[in-house]
Amino acid sequence: MSISKILNSLETSWQRDDILLNIKKGLGSDEIINKFLVKNERQIKELNSLLRPKDIDLLNQVEQLSTCESKLINEIKNLNYLKNNENQNYTINKTEISPSNKVPSNRISSFMIKWSNKFVVIALLTISAIALLKQAWA
């Protein structure tokens, strides 16, 4: 099987809408990725055997690009989080709500920031790698 056919098949298997539904159902990114790897094991092994050293370099560049994109997303989210947090503190001080009431929201926010960033990095890496390899072989 050619690389372009394998990449098309993998791209078809990686449906973002389905992944988002799995996330909403409570599946973690590791579970989603493991299911994808198991489902597409044959194609991934075949793709891996067809990759040349320059393709590996391209994958490394895609990984660096995805890391930059992830950091940018994280910075944007942190700016928004800080802005919301400042507004929350103002509201809390204004209405004199006890600080213990805001602790769970901070824990939830920290959890979401930590895990959503990991998922975004993995998703961007996979999608970018598939797209770039598809373009390289087209």
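Start by selecting α3 and α4, two helices that are roughly perpendicular to each other (an angle of 65 to 115 degrees). Their axes come within 5 Å and cross at roughly 80°; axes here are lines fitted to C-alpha atoms over the stretch in contact, with angles from 0 to 180 degrees between N-to-C directions. Helices are DSSP runs of H or I with at least four residues, numbered from the N terminus.

You are looking at a predicted model, where local features need pLDDT of at least 70, side-chain atom pairs count only at pLDDT 80 or more, and totals for chains, interfaces and linings use all residues. Residues are numbered from 1 along each chain as its sequence is written, and side-chain values use heavy atoms, leaving out hydrogens and water.

From α3, pick Phe36, Leu37, Val38 and Lys39; they meet Glu41, Gln43 and Ile44 in α4. By class, this contact has 4 nonpolar, 1 polar and 2 charged residues.

Now move to the largest pocket, which holds about 520 Å³ of space. Select Leu59, Leu125, Thr126, Ala129 and Ile130, the closest to its centre of the 20 lining residues. A pocket is an open set of points on a 1 Å grid where a 1.4 Å probe fits, with protein on both sides within 12 Å along at least five of seven lines; lining residues have an atom within 4 Å of a point. Colour α6 too: this helix gives the most to the lining, with 6 residues.

Last stop: Glu69, in helix α5. Glu69 and Leu125 are 56 residues apart in sequence and 9.7 Å apart in space, C-alpha to C-alpha.

Definitions and conventions
Grid points are joined across faces, edges and corners, and a volume is the space filled by probe spheres set on the points. Angles under 35 degrees count as roughly parallel, over 145 as roughly antiparallel, 65 to 115 as roughly perpendicular and the rest as oblique. Contact means heavy atoms within 4.5 Å. Ala, Val, Leu, Ile, Met, Phe, Trp, Tyr, Cys and Pro count as nonpolar, Asp, Glu, Lys and Arg as charged, and the others, Gly among them, as polar.
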